[in-house]
Amino acid sequence: MGLPRTFVGFSSKDIHYYHLMQAWKKNENIDFNFTDCQLTSEVNSSVESYIKKRCRERINMSGYYVMLIGEDTRRKHKYVKWEAEVAIEKKCTIIGVNLNKSKEFDSVRTPDVIRNIGALFVPYNPALIKSALENYEMKDSGNYIFL
């Protein structure tokens with residue numbers, strides 16, 4: 001089986017968590033890998049429609065959408081919410097990753113767009129994220145936790 005083709009959505013405030021996921025992939029002592037469908041370089045534009053077009057292209061390449069859920073993610077409507085909507089429209093498997101490492105569904109931080117849609121929620125941990133990418137099949141409704 002090939003590596004999960006994954007788009008990772010996050011608040012700009014949380015980019016270091018995404019960079020750490022990339023470091024996990026490169027570290028031979030950590031068993032963590034996925035095909036990263038995130039933009040390969042920063043879009044040199046401030047034109048929202050162009051940025052969204054480029055993101056849509058990358059999400060359309062993905063089968064999984066991982067949302068890194070931090071303190072301000074719930075309020076990020078311009079891109080994070082929109083990316084999740086595109087991933088849902090494409091019928092990606094949605095995995096919410098709690099950056100506070102909570103093992104529970106975080107009702108305070110989780111954006112409404114991925115609530116009760118059958119998404120899985122896991123703590124920010126390479127082994128648990130890897131397992132979710134390899135084993136979770138999207139459900140029709142509800143919120144699920146994976147331990």
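## A buried threonine

Thr110 is buried, since its relative accessible area of 0% falls under the 20% cut-off. Bear in mind as you look around that this is a predicted model. Thr110 belongs to the loop that runs between strand 4 (93–98) and strand 5 (119–123).

The side chain of Thr110 reaches the backbone oxygen of Asp106, at 2.6 Å. Setting aside neighbours within four places in sequence, Thr110 is also in contact with Ile69, Arg74, Phe105, Arg115 and Phe121.

## Helix 3 and its surroundings

Now let's turn to helix 3, which covers residues 77–89. Its buried residues are Val80, Trp82, Glu83, Ala84, Val86 and Ala87. What do the buried residues of helix 3 pack against? Their partners are strand 1 (5–9), helix 2 (48–60), strand 3 (64–69) and strand 4.

Just after helix 3 comes a backbone detail to check in your viewer: Lys91 takes a positive phi of about 70°.

## Where helix 2 meets helix 3

The axes of helix 2 and helix 3 come within 10 Å and cross at roughly 40°. The two helices are therefore oblique to each other, and helix 2 passes helix 3 in a right-handed crossing.

From helix 2, the contact involves Glu48, Ile51, Lys52, Cys55, Arg56 and Ile59. Facing them from helix 3 are Lys78, Tyr79, Trp82, Glu83, Val86, Ala87 and Glu89.

How values were computed: Residues are numbered from 1 along each chain as its sequence is written. This is a predicted model: local features need pLDDT of at least 70, side-chain atom pairs count only at pLDDT 80 or more; totals for chains, interfaces and linings use all residues. Side-chain values use heavy atoms; hydrogens and water are left out. Helices (H or I, at least four residues) and strands (E, at least two) are DSSP runs, numbered from the N terminus. Buried means under 20% relative accessible area, exposed over 50%, partly exposed in between (1.4 Å probe, protein chains only). A polar contact is a pair of N or O atoms within 3.5 Å; within protein, one must be able to donate a hydrogen and the other to accept it, and residues adjacent in sequence count only if both atoms are side-chain atoms. Contact means heavy atoms within 4.5 Å. Axes are lines fitted to C-alpha atoms, for helices over the stretch in contact, and angles run from 0 to 180 degrees between N-to-C directions. Angles under 35 degrees count as roughly parallel, over 145 as roughly antiparallel, 65 to 115 as roughly perpendicular and the rest as oblique. A crossing is left-handed if the near helix is turned anticlockwise from the far one by less than a right angle, and right-handed if clockwise.
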